[in-house]
Amino acid sequence: MCAFILALAATLCLEGASPGAAGDLPAKLADPGQWAIQTGDYAATRFSRLDQITTANVKDLTPVWSFSTGALRGHEGGPLVVDDVMYVHAPFPNMIYALDLDHDGRVLWSYTPRQDPQTIAIMCCDTVYRGLAYADGRVFLHQADTTVVALDAKTGKVLWSVKNGDIARGETNSATVLPIRDKIIVGIAGGEYGARCHITAYEAATGKRLWRAYSVGPDEDLLVDPDKTTELGKPIGRDSSLKTWSGDQWRLGGGCTWGWFSYDPELDLFYYGAGNPSTWNPMQRPGDNKWAMTIFARSPETGTAKWVYQMTPHDEWDYDGVNEMVLSEQTIDGRSRKVLSHFDRNGFGYTLDRVTGELLVAEKFEPTVNWATRVDMDKASPTYGRPLVDKRYSTETKGEDETTQGICPGAPGAKNQAPSAYSPLTGLNYVPVNRLCMDYEPFRVTYTPGQPYVGATLTLYGPKEADGRTGRFIAWDPKTGKIVWAKEEPFSVWSGALATAGGLVFYGTLEGYLKAVDAKTGAELWRFKTPSGIVGNPMTYTHKGRQYVAVLSGVGGWAGIGIAAGLTDPQDGSGAVGAYQSLSSYTAMGGVLTVFGLR
């Protein structure tokens with residue numbers, strides 16, 4: 001019981017706000033009956049303290065109402081619930097609906113942005129959007145065309161809007177935002193078009209830009225202190241990024257920030273990852289390409305980075321580092337630590353001390369990963385903290401216009417953007433997994449603003465060990481870096497996870513099943529086939545004292561791009577069409593919200 005109380009108290013601390021924090025968001029996050037931001041809490045645990053739905057009664061879960069979004073293509077992210085109103089989003093052109101929970105989802109208001117249709121052509125991997133955020137009576141939308149909009153939560157009226165990027169340069173958006181006190185933190189996408197990406201803070205009340213920090217380039221653009229910003233305990237030094245790029249290639253350097261954000265109110269630091277360097281052809285960008293593929297810990301007040309850690313120096317495989325940073329308290333080697341857990345596309349699960357950036361654990365969470373043998377954990381070694389690359393799977397070793405075969409994972413990663421969950425009751429992370437390998441051929445590419453700047457051709461397929469099954473859902477111990485249990489799935493798990501105090505974990509499948517499994521054992525306890533494949537994230541809330549679970553279905557994203565965009569060439573979608581060609585036998589397009597409750 002003591003361990004239970006301590007674990008729960010740690011989670012509650014991260015849901016709240018730092019002393020003197022303004023606004024109503026901390027109270028909304030502390031109320032388990034509401035779901036005010038996409039990650040559920042600041043710690044990005046996607047854990048709910050609601051416990052009406054349990055391992056004993058989940059078999060009685062049934063759909064109680066549904067709502068069509070009126071849109072096709074990939075429905076990533078999930079709905080919000082604040083004060084008996086549900087806010088639902090859709091992919092491009094990013095329609096928003098406010099639904100009255102007192103009347104089974106009656107539409108209170110809707111908002112449809114006007115966006116340039118050309119935006120669709122430059123979105124990397126389907127027209128997905130990962131969802132809204134709420135704070136202080138405002139609903140925040142970050143449109144595909146990079147326009148950030150604040151809407152009045154009661155009326156849908158536009159309070160302000162601001163452009164965060166330029167689609168003429170290939171800059172787009174698919175990510176949510178994170179409200180912190182009087183600010184919202186905003187990322188950007190466009191690495192496949194040679195964008196040099198950044199993280200930006202805007203004033204939540206007005207949309208005024210407060211600061212911007214780039215992932216690559218000069219120190220003043222990075223918002224780093226050469227003497228105080230550290231990596232693995234050592235100062236990064238002056239020109240830490242510029243020294244790792246050839247010439248001016250950093251100006252097209254990528255490092256995009258289209259993933260998830262988390263925040264520790266006590267430390268007053270927020271955490272996120274930077275994506276791949278541009279181009280995908282490693283021969284055109286010699287060096288480590290810092291600080292692409294990097295975990296950042298930054299001050300929300302000034303944007304200054306306290307520490308960084310680069311997971312995949314000189315990325316040769318498109319292993320974006322933007323997946324979520326999950327914050328928890330763990331006892332490691334007899335010492336209580338405030339840690340960050342991250343499941344990277346490169347196939348390694350990392351646990352770091354989020355105060356200092358010390359690397360505590362780095363282990364493969366998908367056993368077929370072969371591009372690196374391990375991460376060097378010897379602090380006395382000159383390669384400490386770096387992955388030890390197996391040259392057989394180095395795309396640079398063979399060079400341009402040559403194909404390197406059998407690389408695992410494939411470019412979509414051993415885990416893509418679908419967010420994991422963490423339960424303080426079990427101490428485990430619950431992780432959606434892709435089991436893909438690839439053949440990779442880099443080629444020389446010339447930069448033209450607004451045109452693709454990729455420089456590689458891929459073929460994707462499942463590993464031989466998987467017997468045609470390209471998905472797994474696993475429980476992971478962040479203290480030891482070990483898989484506790486694993487559940488095989490026919491297709492990559494592209495849905496996020498939800499853990500609850502009822503001892504359950506929910507996740508969706510590409511065929512369209514929403515599933516509930518036992519958090520301790522992984523035993524499947526319930527499933528329901530929704531109208532389309534699930535690439536969205538389940539959430540839970542209460543209304544009039546009753547617990548509900550809700551999820552968006554609508555196949556798409558990188559895995560479902562063949563169905564979503566009507567593509568048939570196996571090489572399209574950077575090889576995803578071929579890898580998931582049988583998915584069309586199981587599901588079809590359609591955007592639907594389904595809400596479940598106990599009979």
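Tutor: Helices (H or I, at least four residues) and strands (E, at least two) are DSSP runs, numbered from the N terminus. This is a predicted model: local features need pLDDT of at least 70, side-chain atom pairs count only at pLDDT 80 or more, and totals for chains, interfaces and linings use all residues. Residues are numbered from 1 along each chain as its sequence is written, and side-chain values use heavy atoms, with hydrogens and water left out.

Student: Which strands each supply at least two residues of the lining of the second largest pocket?

Tutor: They are β16 (234–235) and β20 (305–310). A pocket is an open set of points on a 1 Å grid over the protein atoms alone, with protein on both sides within 12 Å along at least five of seven lines, and lining residues have an atom within 4 Å of a point. The second largest pocket has 19 lining residues, and E231, L232, K234, P382 and Y384 lie nearest its centre.

Student: What makes residues of that lining nonpolar, polar or charged?

Tutor: Ala, Val, Leu, Ile, Met, Phe, Trp, Tyr, Cys and Pro count as nonpolar, Asp, Glu, Lys and Arg as charged, and the others, Gly among them, as polar. On that basis the second largest pocket has eight nonpolar, five polar and six charged lining residues. For the largest pocket the classes come to 17 nonpolar, five polar and three charged.

Student: Where is the largest pocket, and which elements supply its lining?

Tutor: Nearest its centre lie M123, C124, Y193, G573 and S574, among 25 lining residues. At least two residues each come from α3 (118–122), β31 (456–461) and α6 (561–565).

Student: Why is another space called a cavity?

Tutor: In a cavity a 1.4 Å probe fits but cannot get out, so the name applies to such a set of points. The structure holds four cavities of 30 Å³ or more. The largest cavity has about 310 Å³ of space. It is lined by 28 residues, with C124, C125, R130, S174 and W258 closest to its centre.

Student: How do you know that β22 and β23 pair?

Tutor: DSSP must find at least two bridges between two strands. Strands β22 (335–343) and β23 (348–353) have five bridges, in the antiparallel sense, so they pair by that rule.

Student: What makes β21 and β24 edge strands?

Tutor: The open antiparallel sheet runs β21-β22-β23-β24. Strands β21 (325–332) and β24 (359–364) each pair on one side only.

How values were computed: Points joined across faces, edges and corners; volume = space filled by probe spheres on them.
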